[in-house]
Each structure stands twice: as structure tokens, then as C-alpha cells.
Amino acid sequence: MKKGLLFISSFLLTANIFAQQVTKVTDPVEWINPLMGTQSKYDLSNGNTYPAVAVPWGMNFWTPQTGKMGDGWQYTYDSYKINGFKQTHQPSPWMNDYGQFAIMPVTGALKVSQNGRASWFSHKAEISKPYYYSVYLADHDVTAEIAPTERAAQFRFTFPKTDSSYIIVDAFDRGSYIKVSPGQKKIVGYSTKYARGPLKNFKNYFVIYVDKPITTSQVYSDSTLKEGNELKDKHVMAVIGFKTAKGEKVNLRVASSFISEEQAELNLKRELANDSFDATKQKAKAVWNNTLSRVAVEGGTVDQMRTFYSCLYRMLFFPNKMYELDAKGSPVHWSAQNGEILPGYKFAGTGFWDTFRALYPFLNLLYPSINKEMQQGLINDYKEGGWLPEWSSPGYSAVMIGNNSASVVSDAYMKGLRGYDINTLYQALLHGANNAGPAATGREGVEYYNKLGYVPYDVKINENAARTLEYAYDDFTIYQLGKALGRPTSETDVYRKRALNYKNLFDPSTRFMRGKNKDGKFQSPFNPTKWGDAFTEGNSWHYTWSVFQDVQGLIDLMGGKQNFNAKLDSVFTMPPVFDDSYYGEVIHEIREMQIAGMGQYAHGNQPIQHMIYLYNYAGEPWKTQLHVRDVMNKMYKATPDGYCGDEDNGQTSAWYVFSAMGFYPVTPATDQYVLGAPLFKKITLKLENGKTVTINAANNSADNRYVTALTVNGKPYSNNWLSHKALLQGQTLNFNMSATPNKVRGSKPADVPYSLSTDKK
């Protein structure tokens, strides 16, 4: 009986701690769990993330490697052995990696293969932070620590007393080179391994300095020992060795470059200088806190705080810097497009199909300076390769659909970014919109789309309906940018007209978007729960809402607001049935929808993530408030299984962060954010221009999720949207929250957000 009482008391105490309100965050980086989303696998994604030890948008990340060489699942939470600490640029396991090599401390009988050198570890003896990683390698009795910079890192290995302490450097297969210079306590080399190419003149050069005299040095081809201290082969490794005393710390200073060995040395000297390991660690922590502090959150539970900042952490990595600074401090890069070394900015590692939706709009609001560099990088992509990328990893990658670079470029300019060659980018958009390019650049099926107003189902172009819907939205963003640049109406009207092409796929008999054959007849038989085929990683329940630019037009097609809202409601009340015949297996995105308990709502993938906000266009914004809070509560948590699908380069995290702030960019390339309801009692946005946006919801709580009233700068505000331009002037938003919905506020026609159909040009 006493034991039972003790258990209940302990449980209540723990529950109370996690329900307590956090009033102020002074050290935001310490609220982050980099292991969020790492408990994933091929057939079920809880994020498909890895613990990235890096600084925001750094060129290089580091991660403990539990998977075998070349496995996209390089770190998974359920693994129990580490075989190295890997430099990585991997945007997702599906894209895999490039620019990689691994470092591993070992003791005892020397085994250099990945399986041979691997060591058991426990999460109980693991510390994972954005700016610092530490783990105890049990088989070697070594504690390994990492602290990062943008292009360099410091390692600290604490060895036991032994005459058999070693450090293995693995340059991986597909062609590599290593040279050990014991007198200089130095290792140099390069790796040429990449997953997606071809990549011309690709090498990831690295330089490593150790602070202890090297008494043993060896080089290996695969696992075969070779003579000398230098080797070039398919798969090269090096080993250095020495005696160590108990608790002796051996430090490594590491940097890399895509340009040259000399540039790697320059990166090391510039970024590490004479700093100690602890100094590098503290500098990285300071960078994180400074970057995270743009958003200050108050009045949430411990769990909510951890989830918010863990999501924000994921948003600040990709696209990562591919440029370096030469001796004069000017940006220079190796070009993934043509293999040359050229001046200027370069970024890589993102898919616009995912990130155009919320990640890039978030950068435009909170971090416009880094996106200005990214826009300059896109100019270089176009000049060097003739196309804008749709997926860069690091060059043009032939995956996913759409021409969503148009949204990324247009939204940046429409949100006020200036100081780069926007006219060249506009020409790049026109080129991409009217040509079918290689490696998923441009538009596949463009000749049909421009002639018929849709990509037909029966012309052997897969995912044709999804392409049509995305091309129509992308045309809208080109129209918006063209207008802003003062282009002739004869030019911009073409894209305005094409922006309405979504209407060509709407079937009034079913009120679904549907594939259409070349002869104008709808594809048959039709099953709205069929994944793939005419759609991309989703079905018609998901893609019917992909009319970001003209929700009012979609409402009209459905026969008015009542029908529209009923259809939205049906997404959640439908059972999670599915047809997987197109794929021949239950792909992980399907499984994640099925097990989520939210009907046909598949938040784990991007196409439907904006759909909850569409109630604002049809007079029932309180339903947005209801469902947004449900998704935040059910689908996100700062735990290894804390996402409900692929995190995807910050996009799924951006949905949470925007939603927690109380609004969401349904239509990038417009000035508007669509309202939801804030999660916290107070959020303060510190904008780059020095202005502040304060979002107050003093009576917010788990029960009080509905907005009964809103004032902006002290004045009553009934619109269901916020203006980006107005936010940039600094605003105070006061939300009055309640446990019961206000079904009148935001229900008038004048309250609705932007739609192309009601735009008077």
C-alpha cells in the first residue's frame, strides 16, 4: 500500500513538473533535443533526423554514425553501436550524403573495419546538444567529444591507460586519398563519395592536426595494410597510434574544404585559431543562443518549450553553406553545376517541394539576411548550370516534382528582400516555367501544360495531377513577381491565366481534383484514396486543397462555403483507408497517416499541411484553431519518436513554429499570413530591422485554445490574416483566448485572406 502511494505521489509530482509554466527562457539552446526524430527506419519515419553537431547553416555537420558506410540512416536511436564520428552534409536519408569522412578512437587489438572498430554505447552515457556531443565508447573505454564551427571542428578523446591507443580516419569508398605526416602531427586527405550526381571535380578535402606525438602510423586499402604513410585507392583509411595515461585527453583540430587542401587549412586557421576545445564549444553555444533568441517564448509547459526550440533547431540547418572564404575574406565556392572554383555564394541540401511552404517564409520573416545570401546562391546555380534547382544535394537532383523555385524566389522579393540581381532570377523563373530541364529542373510535361492547361494522365508522365496543381501555383508566384518588377501586362497576364489551371482538374461530380486524359475526359476508374499515380506521395484527399493561390476559387468550385467546410471536415472524419496499388507496398507516408488517428489528414507529409488553415477562407476560423492545437499536441514532441513523418529540411518543424506563433504562410509570394491561435502566453519576435512583434495570449491554456478577440496595436482586429509589411513595422497582438469558440469573429466576407479570384489586379 505504501509503495503504491509512493508511486502515485511520484507520478503526480512528475506530471506537475511537466505541466508547470515556464515563464522565461534565458538559455534557449539548452531546451533543444537533437535526438528528436531519430527513432526512425525505412518503413516508419518519426522524423528521419540525426543529431547534427553544427552551427546554424554551417557548411559541415558532425554526427555519430551507427549505420554502415553509405546507409542514409546514419544514426538511429534504437542502435547500440557507434563505428565513427562522421562529417556529413546529408539533408535526408532518402537523399543520402556527400562530402563525408569519419574519425573513430579505439584501443586494444586494432581492427579498422567499421564492424571491427564499432563500440557499444548507451544513451545514458550520451550528451547530445547542437553545439556539443559526448559519448562513452564502452568497448574502448574512451569518451569522445565534439565541438563545431562552420567549416571546422574540435575533437577531444579521453583515453584509458594503454600502449594501444589509436585514432582511425576513414575517407570512405568510391575513391579517396590520405597522407599521414607524423613529424607534423598531421593527416590530410580527401573523399570523393557522393550519393547523387554526377559531380564534376568533386572532392571533400580534409586536414587534421593532433596535439600528441604520433608513434604509429599506417594506411589501409579497405582493411588491408599497405606500406608507407600515403595512399590513394578506392577506399582508404589511416591509423595513428600512441601510448596514453589514464584519463589522458588527446585533441584533434579538423577542417575541410570543397576547394582544396590549402583552403581547408585556411578554414581551420580562421575558425579555430588558437582556441581550446572548451572555447570552441562556448563560441558555438553563443552562436546558437544568439540565433535562437530572435524568438523568445514564455508561458508554456516544459514539453512545449522543448518541442518549440527543438523544431526551431531543425529549421536553422538547410540549405547549408557551400561557400568558403578566401584569404581576403571573400566568398568562393566549388560549383556542383560545372565543377569549377568560382566567386560568390553557394548553398545546397534542400528540396523546394517541401520547404517553399513554410521554411523559406520563416527565413524571410526572421532571418532575411541569410536568405539574401541564399538568393545570391540561386543566381550562381542558374549562371553555372542553366537552371534553378528544385532539389539540391549538392547539384541538381532528379527527385520530386514542381517548379517551386519560383515560390522561393518570388516570396523573398515580395517579403522585401533586396540587394541582389532579382532580374536574373526572374529570367530564370521564366526559363524554368517554359522548358523541361534535366534532373527535375524546369517542368516535365510543359508542352502539354502550356497547351492544354494541365499535364495529362495518359501520356506516361507520372504524378501528372500534382504537377498541374503545383505548376499553377508556381505560375501565380511568377505573376506576383512580374507585377512587382513592373513587367508588361502582356507577359504577366500569361502567368495569371495559368495560375487558374487548377480548375481544369476539378471534378464537380466528386468535388475532388482528378487526373485528366489528353482528350479532356477524367481518368477512370477514380479512387480518391489512391496514393501516387496522378499524385505525389499523397492522394486526392490531400491534393484537392493544393490551390494556395485561390482558395476562394476552390470554394466556388465546391458550391460555396458550406460545402467547402463540410469537405474540410470530412478529411478528419473519413477513416484512414488507402489504396497502395501504385506503389505495390505501404510506403512509410501511408503508414504514418494510417496510425495517426486523424482520418485522411496526413500531416507527416507536406501536401496537406496548410489545409487546416483553409477554414479561415470560409467563415469558420474557429475550426482552424481547434485542429491546429490538436496537431501540435498529438504530432510533435521533443523525443526520439517526436515527429509524425519525415521532418524534411525544416518544413515540418516550420509548420509547428509558425503555428505556435499563431499564424501560417498559406500563400507564399503574398504579403499575408493566415491566422490560427498561439500556443504560448507570450512570444516576442525580434526582427532584423530592430522592430519587435509581441504576441500576447495571457489566458492561453490547454483548454483555452479558441480566439474570442484580437487587437493589433490596441485596436480591434477582425481579419483572419496578418500583413507581413505591417509586422515589419513592429506590432503588438493581444489574443483573448477561451475554452469555447467565437463563431462570429472572422466570419464576414471582408475578413478572409487573399485569393486570386478576388484580386482586382
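I count a contact as heavy atoms within 4.5 Å. Helices (H or I, at least four residues) and strands (E, at least two) are DSSP runs, numbered from the N terminus. The model is predicted, so I kept local features to pLDDT of at least 70 and side-chain atom pairs to pLDDT 80 or more, while totals for chains, interfaces and linings use all residues. Residues are numbered from 1 along each chain as its sequence is written, and side-chain values use heavy atoms, with hydrogens and water left out.

**Entry 1: α5 and α19**

I looked up which residues meet here. Gln304, Thr307, Phe308, Cys311, Leu312, Arg314 and Met315 in α5 touch Ser653, Ala654, Tyr656, Val657 and Ala660 in α19. I sorted them by class (Ala, Val, Leu, Ile, Met, Phe, Trp, Tyr, Cys and Pro as nonpolar, Asp, Glu, Lys and Arg as charged, the others, Gly among them, as polar). That gave 8 nonpolar, 3 polar and 1 charged.

For geometry, I fitted axes as lines to C-alpha atoms, for helices over the stretch in contact, with angles from 0 to 180 degrees between N-to-C directions. The axes of α5 (residues 302-315) and α19 (residues 651-661) come within 8 Å and cross at roughly 130°. The pair is therefore oblique; under 35 degrees is roughly parallel, over 145 roughly antiparallel, 65 to 115 roughly perpendicular, and the rest oblique. α5 passes α19 in a left-handed crossing, meaning that the near helix is turned anticlockwise from the far one by less than a right angle (clockwise would be right-handed).

**Entry 2: α12 and α13**

Helix α12 (residues 464-484) packs on helix α13 (residues 489-498) at about 150°, axes 7 Å apart. I therefore logged α12 as roughly antiparallel to α13. Their crossing is left-handed. On the α12 side I noted Ala472, Asp475, Phe476, Ile478, Tyr479, Gly482 and Lys483, and on the α13 side Thr492, Tyr495, Arg496 and Arg498.

**Entry 3: α8 and α9**

I got an angle of about 135° for α8 and helix α9 (residues 405-414), with the axes 11 Å apart. That makes α8 oblique to α9. Asn371, Gln375 and Leu378 of α8 make the contact with Val408, Val409 and Ala412 of α9. I found 4 nonpolar, 2 polar and no charged residues in it.

**Entry 4: cavities and a pocket**

On a 1 Å grid over the protein atoms alone, a cavity is a set of points where a 1.4 Å probe fits but cannot get out; a pocket is an open set with protein on both sides within 12 Å along at least five of seven lines, and lining residues have an atom within 4 Å of a point. Grid points are joined across faces, edges and corners, and a volume is the space filled by probe spheres set on the points.

My search of the whole structure gave 8 cavities of 30 Å³ or more. Of its 18 lining residues, Thr49, Pro91, Arg314, Phe318 and Glu647 lie nearest the centre.

The second largest cavity holds about 80 Å³. Its 13 lining residues include Phe347, Phe352, Tyr360, Leu378 and Asp381, the closest to its centre. α8 gives the most to that lining, with 4 residues.

The largest pocket holds about 550 Å³. I listed 27 lining residues, with Trp94, Met400, Glu537, His588 and Glu589 nearest its centre. By class, that lining has 12 nonpolar, 6 polar and 9 charged residues.
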